[in-house]
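Have a look at the sequence and the 3D view, and then we'll start with a single residue.

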Amino acid sequence: MAVDFGQSILASSIALGGLLVIMAIVYFIWSRIGLKKKQKYFKELHVELAPGQEIMFAGGIYGTVKSIDGDKVEVKVRSGAVLDVSRYAIQQIAQ
């Protein structure tokens, strides 16, 4: 009877280990797909960026693009101030 109990525990452990490996593989694939989608989105966003567009920063600040000079973007905010920010700080183009 003790041998049957030991084999049962061993079989359960192997099944649980296999399930954990499968879950890890699914998680890895799913996270890679999500990462590629985000990279594609931001690449397109930074290419489509043009003066006059309303944008939102990662911190939730909205503004309007005045000019683009390489990686530096001049953004006018509601108060009238013009901010020099990195192109990569822009989270989305507001529609």
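Lys 37 is exposed, with a relative accessible area of 59%. For that word, the cut-offs run like this: buried means under 20% relative accessible area, exposed means over 50%, and partly exposed is in between, using a 1.4 Å probe and protein chains only. Lys 37 has its place in helix H1. From Lys 37 to Ile 9 there are 28 residues in sequence and 42 Å in space, C-alpha to C-alpha.

A quick word on what you're looking at: this is a predicted model, where local features need pLDDT of at least 70, side-chain atom pairs count only at pLDDT 80 or more, and totals for chains, interfaces and linings use all residues. Residues are numbered from 1 along each chain as its sequence is written, and side-chain values use heavy atoms, with hydrogens and water left out.

**The overall layout**

How many helices and strands does the chain have? It has 1 helix and 5 strands. Here helices (H or I, at least four residues) and strands (E, at least two) are DSSP runs, numbered from the N terminus. Along its principal axes, the C-alpha trace spans about 80 × 25 × 20 Å. Of the 95 residues in the chain, 16% are buried.

**Along the helix**

Helix H1 covers residues 2-48, and Ile 29 is found in it. Is Ile 29 buried, exposed or partly exposed? With a relative accessible area of 45%, Ile 29 is partly exposed. Ile 29 also belongs to a nonpolar surface patch with Val 21, Ile 25, Phe 28 and Ile 33, and together they have about 470 Å² of accessible area. Patches are made of residues with over 30% relative accessible area and no salt bridge; like charges are joined within 9 Å, and nonpolar side chains (Val, Leu, Ile, Met, Phe, Trp, Tyr) within 5 Å. A salt bridge, in turn, is a side-chain nitrogen of Lys or Arg within 4 Å of a carboxyl oxygen of Asp or Glu. The areas come from the Shrake-Rupley method with a 1.4 Å probe, and for residues only the protein chains shown count as cover. Ile 29 and Gly 60 are 31 residues apart in sequence and 30 Å apart in space, C-alpha to C-alpha.

Now for the rings. A search of the whole structure finds 1 aromatic pair. Tyr 41 and Phe 42 form this edge-to-face pair, with 5.1 Å centre to centre and 70° between the planes. Rings of Phe, Tyr and Trp (its six-membered ring) pair if their centres lie within 6.5 Å; planes under 30 degrees apart count as stacked, over 60 as edge-to-face and the rest as tilted. Tyr 41 is partly exposed at 39% relative accessible area, and Phe 42 is partly exposed at 25%.

His 46 is found in helix H1 too. This residue is buried, with a relative accessible area of 11%. His 46 and Gln 92 are 46 residues apart in sequence, yet 9.2 Å apart in space, C-alpha to C-alpha.

**The strands and their turns**

Two strands pair if DSSP finds at least two bridges between them.

| Strands | Sense | Bridges |
|---|---|---|
| S1 (residues 54-57) and S2 | antiparallel | 3 bridges |
| S2 (residues 62-69) and S3 | antiparallel | 5 bridges |
| S3 and S4 (residues 82-86) | antiparallel | 5 bridges |

Ile 55 has Gly 63 in S2 as its bridge partner, while Ile 68 is bridged to Val 73 in S3. Thr 64 stands opposite Lys 76 in S3, and Lys 72 stands opposite Ser 86 in S4.

What about the turns? The hairpin of S1 and S2 has 4 residues between the strands, and Gly 60 in the turn has a positive phi of about 95°. In the hairpin of S2 and S3, with 2 residues between the strands, Gly 70 takes a positive phi near 70°.

Finally, look at both sides of strand S3 (residues 72-76): Val 73 and Val 75 make up its covered face, while Lys 72, Glu 74 and Lys 76 make up the uncovered one.
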